[in-house]
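Dear colleague,

I am passing on the structure we spoke about, and below it I have set out what was found in it. Please read the notes with the coordinates open beside them.

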Amino acid sequence: MINAIGVTLRYGKRVLFEDVNIKFSKGNCYGLIGANGAGKSTFLKILSGEIEPSKGEVTMDKGERLSMLKQDHFAYEEFTVIDAVIMGNEELYRIKNEKDAIYAKPDFSEEDGMKAAKLEERFAELDGWNAESDAAILLNNLGIEPDKHYKFMKELEAKEKVKVLLAQALFGNPDVLLLDEPTNDLDIKSINWLQEFLIDFENTVIVVSHDRYFLNKVCTHIADVDFGKIKIYSGNYDFWYESSQLALKQMKEANKKKEDKIKELQEFIARFSANASKSKQATSRKKTLEKIELDEIKPSNRKYPYIDFKPDREPGKEVLEVKNLCKTIDGEKILDNISFTITREDKVAFLADNENVRTALFQILAGEMEPDSGEINWGTTITTTYFPKDSNYLFDSNMNIVDWLRGYSKDPDETFVRSFLGRMLFSGEEALKKVNVLSGGEKVRCVLSKMMLSGANLLIFDEPTNHLDMEAITALNEGMSKFKGIILFASHDHQLVQTVANKIIDIKDDKLIVKEGTYDEYLNME
Ligand SMILES: Nc1ncnc2c1ncn2[C@@H]1O[C@H](COP(=O)(O)OP(=O)(O)OP(=O)(O)O)[C@@H](O)[C@H]1O
Ligand SMILES: [Mg+2]
């Protein structure tokens with residue numbers, strides 16, 4: 001069980017949470033939902049103790065352990081898989097490293113020996129000698145084969161990374177498991193697997209997700225973050241949606257009745273207050289009028305951004321020709337003699353057996369990586385802009401959003417940049433936040449703003465819907481559908497691929513398939 005008592009958190013003027021009181025009980029799975037930037041990740045960090053609330057506290061039962069899978073799935077790139085899992089127990093991992101460092105010393109002193117002995121003792125207490133085998137068992141259960149256990153995280157596909165991070169969170173069997181958007185990088189098969197896993201998990205789970213289907217499958221409760229409050233509803237996502245809509249409707253009807261009554265009373269008072277014989281009645285009605293209070297109906301914080309990509313110039317006839325492209329990364333042949341041609345009507349969805357293939361191809365097309373061999377010929381009229389799968393590197397800065405985006409704008413005028421940000425839901429003070437504190441979805445909105453400002457006529461997207469809330473996904477889908485230029489993209493969002501792509505390029509291990517038509521047509525053909 002974990003309990004938030006009177007939790008309040010403010011960032012400057014913005015109140016993220018105001019006096020939040022909730023208890024999360026054993027055996028339940030809570031879906032934490034809310035718009036991008038509502039405070040879901042922050043709330044999980046408050047529960048885990050990473051962030052101190054301005055007021056209030058978080059308590060857990062004695063001896064209980066909590067662990068967390070964070071929203072950023074690229075945070076452990078330079079560690080080996082097995083180490084990433086063992087890091088789930090921070091103390092154990094630290095002791096293991098200190099110990100190894102001492103033994104690696106060429107001038108091992110007596111003092112070092114004593115220190116090492118102390119560390120060995122604690123290491124044994126923490127069951128350190130079994131750590132690697134425990135971690136390996138967890139990984140095997142999650143379908144990560146032994147030949148991957150000593151690879152670096154950066155060598156794995158994103159869907160495998162999530163599994164390793166999940167193994168990290170599960171290492172040592174936590175009593176409270178916090179998961180921040182675990183399905184973001186998972187394919188359908190792995191999502192099904194995670195659903196089954198969470199349904200069977202016996203302790204407390206709190207999971208953040210924008211995926212309705214997933215929430216319906218796993219949640220026993222929904223915790224909705226809106227207006228600085230968190231409200232718990234029992235039932236799954238659909239049940240929450242229905243009941244919150246119903247409550248809103250009832251509130252509106254009740255308000256309508258009260259408004260009618262107010263009007264009637266006001267009319268009576270206006271008509272008769274000057275009339276001596278009726279003035280007593282008028283006064284009593286005035287009192288009744290004062291007592292009627294309308295329920296305050298706040299519109300939800302859920303809003304649609306406006307996404308519209310406008311090319312500065314029309315693409316010419318020659319767009320892109322890729323010939324015999326090869327790339328080997330960390331000893332593995334990722335691109336093996338790939339060739340294809342893109343024309344100006346194309347909106348191409350790329351599929352691949354290994355998703356790192358698409359990412360490598362896009363990185364090369366975006367000029368972020370060199371191929372080992374092969375040719376890329378761009379048409380002279382073509383200008384490109386790129387949405388990377390992991391965009392964290394763009395936000396490693398102390399700049400505020402306005403200055404950050406101004407760096408990508410041909411027109412540096414502040415009013416211009418600000419009006420642009422306004423439609424992407426950063427208005428007023430919000431636009432002056434530092435980019436390194438932004439939420440997952442807010443970062444994506446910034447990358448999309450940068451792409452819109454580029455005026456490019458060829459857009460490349462690598463998994464753009466990750467992190468976005470429903471409203472933003474809808475807006476992005478519309479923006480991509482009505483774009484007049486060329487799009488090359490990869491997405492696990494079926495609806496997006498189905499409604500945007502008019503061509504499929506499927507990069508299989510042994511061949512490359514190019515087919516005109518929609519995604520569903522392609523799938524039905526297979
Ligand atoms: N240090 C900070 N200073 C100011 N604002 C901050 C700071 N840290 C976070 N924020 C803001 O707090 C809000 C909540 O962020 P959080 O990451 O919790 O959102 P979220 O609900 O997880 O959103 P998403 O669905 O996009 O992941 C965001 O608007 C973010 O910009
Ligand atoms: Mg978040």
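Which are the buried residues of α15? They are Ala472, Ala475, Leu476, Asn477 and Met480, and please bear in mind throughout that they belong to a predicted model. An α-helix has 3.6 residues a turn, so residues three or four places apart point the same way. The cover over the buried residues of α15 includes α14, β16 (486-490) and α16 (494-500). The length of helix α15 (residues 470-482) can also be checked: its 13 residues, at 1.5 Å a residue, should span 18 Å, and the separation of 19 Å between its end C-alpha atoms agrees with this.

As for the whole, the protein has 17 helices and 18 strands, and its C-alpha trace spans about 105 × 70 × 50 Å along the principal axes. Of the 526 residues in the protein, 36% are buried. Among contacts with a separation of 6 or more, 72% are accounted for by residues 24 or more positions apart.

The protein is divided into domain 1 (2-240), domain 2 (241-291) and domain 3 (320-525), and between the C-alpha centres of domain 2 and domain 3 there is a distance of 55 Å.

The ligand site may be of particular interest to you. There are 19 residues around ligand 1, of which Tyr11, Ser41, Thr42, Ser439 and Gly441 come nearest.

Is glutamate 264 buried or exposed? It is exposed, because 12 other C-beta atoms lie within 10 Å, and a residue with 12 or fewer counts as exposed. Glutamate 264 and phenylalanine 350 are 86 residues apart along the chain, and their C-alpha atoms are separated by 64 Å.

Conventions. Residues are numbered from 1 along each chain as its sequence is written. Chains are lettered from A and ligands numbered from 1 in the order in which they are written. This is a predicted model: local features need pLDDT of at least 70, side-chain atom pairs count only at pLDDT 80 or more; totals for chains, interfaces and linings use all residues. A residue is near a molecule or strand if its C-beta atom, placed from the backbone, lies within 6 Å of it. Domain bounds come from an automatic or database domain assignment. Helices (H or I, at least four residues) and strands (E, at least two) are DSSP runs, numbered from the N terminus. The expected span of a helix is 1.5 Å times one less than its number of residues. A residue is buried if 20 or more other C-beta atoms lie within 10 Å of its own, exposed if 12 or fewer, and partly exposed in between; C-beta atoms are placed from the backbone. Two residues are in contact if their C-beta atoms, placed from the backbone, lie within 7 Å.
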